[in-house]
Amino acid sequence: MRKKIVAGNWKMNKNLSEGLSLIESIKAGLANGQGAGVEVIVAPSYVTLTEAVKAAAGSAVKISAQNCHQEENGAYTGEISTGMIQAIGVEYVIIGHSERRQYFNESSASIAKKINASLAKGLKPIYCNGEVKEEREAGKHFEVVQRQMNDELFHLSAEEVKKVVIAYEPVWAIGTGLTASPDQAQEIHAFIRKLLSDKYSAAVAEEISILYGGSCKPDNAVEIFGKKDVDGGLIGGAALKAEDFLALVASF
Ligand code: PEP
């Protein structure tokens, strides 16, 4: 059965002490009963991960990295491998975020390799895809998402793909204040689930959580998360304040 998930992508925000204090506030809210039945994930910066894992231990909060390198080790100055991430107890890793594609030239080939490297170490990938504004305006969003999934995800076996969380994030909605309408989100989430069903099986498609991301906030989340094929959200800006993030966790 697909999980309901709210994942906070902190991006390049929050130093170590700020991050730990945010985790403590989230833990306190969850201990008060907010978000029962929801998988709550936060993705701090690399330098906070080790302490974040310790802070979250024994609570309902799970920790994700924001990126990884596809090689196991070697001369890749500044990079971090999936083995290093797994060794400190992190469970998830975000792969293919549009900011990585846009600012760091991540290709479909490297995204596919990062997914493989993550699964090989037992990390669960949160795989992001979605179209840019021009593609949406030209009505090409279905085509774009299908191509991304063909090139980046569909080399996996059914057993492997079941370990992946998909985050559909229309690039035009990320950090812009523009949000896909609940119907637009449902339409493309249903399309993604159909692609999964056609490639693997209806049963496999029913096990994969598909999150929406893009200016998701407490005031629009209830309607979006209420759609049949939306299993939660990948949240940027609104994940930086405990109050907002907890409200999102309570939006199902
Ligand atoms: C994101 O970066 O994944 C994201 C969805 O950001 P925001 O919520 O700020 O649009």
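Which residues in H1 meet which residues in H2? The first view below gives the reply. This is a predicted model: local features need pLDDT of at least 70, side-chain atom pairs count only at pLDDT 80 or more, and totals for chains, interfaces and linings use all residues. Residues are numbered from 1 along each chain as its sequence is written, and side-chain values use heavy atoms, with hydrogens and water left out.

**View 1. Helix H1 against helix H2.** Leu16, Leu20, Ile23, Glu24 and Lys27 of H1 meet Val47, Thr48, Glu51, Ala52, Ala55 and Ala56 of H2. Contact means heavy atoms within 4.5 Å. Helices are DSSP runs (H or I, at least four residues), numbered from the N terminus. The axes of H1 (residues 16-31) and H2 (residues 46-56) come within 10 Å and cross at roughly 25°. H1 is therefore roughly parallel to H2 (angles under 35 degrees). Axes are lines fitted to C-alpha atoms over the stretch in contact, and angles run from 0 to 180 degrees between N-to-C directions. The crossing is right-handed (near helix turned clockwise from the far one by less than a right angle). By class, the contact residues of H1 and H2 are 7 nonpolar, 1 polar and 3 charged. Ala, Val, Leu, Ile, Met, Phe, Trp, Tyr, Cys and Pro count as nonpolar, Asp, Glu, Lys and Arg as charged, and the others, Gly among them, as polar.

**View 2. Helix H7 against helix H9.** The axes of H7 (residues 141-152) and H9 (residues 182-199) come within 11 Å, crossing at roughly 35°. Their crossing is right-handed. H7 contributes His141, Phe142, Val145, Gln146 and Met149; H9 contributes Glu187, Ile188, Phe191, Ile192, Leu195 and Leu196. This contact has 8 nonpolar, 2 polar and 1 charged residues.

**View 3. Helix H11 against helix H12.** H11 (residues 218-225) and H12 (residues 242-249) have axes that come within 9 Å and cross at roughly 15°. The two helices are therefore roughly parallel to each other. H11 passes H12 in a right-handed crossing. Pro218, Ala221 and Phe225 of H11 touch Asp244, Ala247 and Leu248 of H12. The contact residues are 5 nonpolar, no polar and 1 charged.

**View 4. The largest pocket.** About 490 Å³ of space lies in this pocket. A pocket is an open set of points on a 1 Å grid over the protein atoms alone, where a 1.4 Å probe fits, with protein on both sides within 12 Å along at least five of seven lines; lining residues have an atom within 4 Å of a point. Grid points are joined across faces, edges and corners, and the volume is the space filled by probe spheres set on the points. The lining has 15 residues, with Met12, Gln66, Asn67, Arg100 and Phe104 nearest the centre. Helix H4 (residues 98-103) gives the most, with 3 residues. The lining divides into 5 nonpolar, 6 polar and 4 charged residues.

Technical notes:
Angles under 35 degrees count as roughly parallel, over 145 as roughly antiparallel, 65 to 115 as roughly perpendicular and the rest as oblique.
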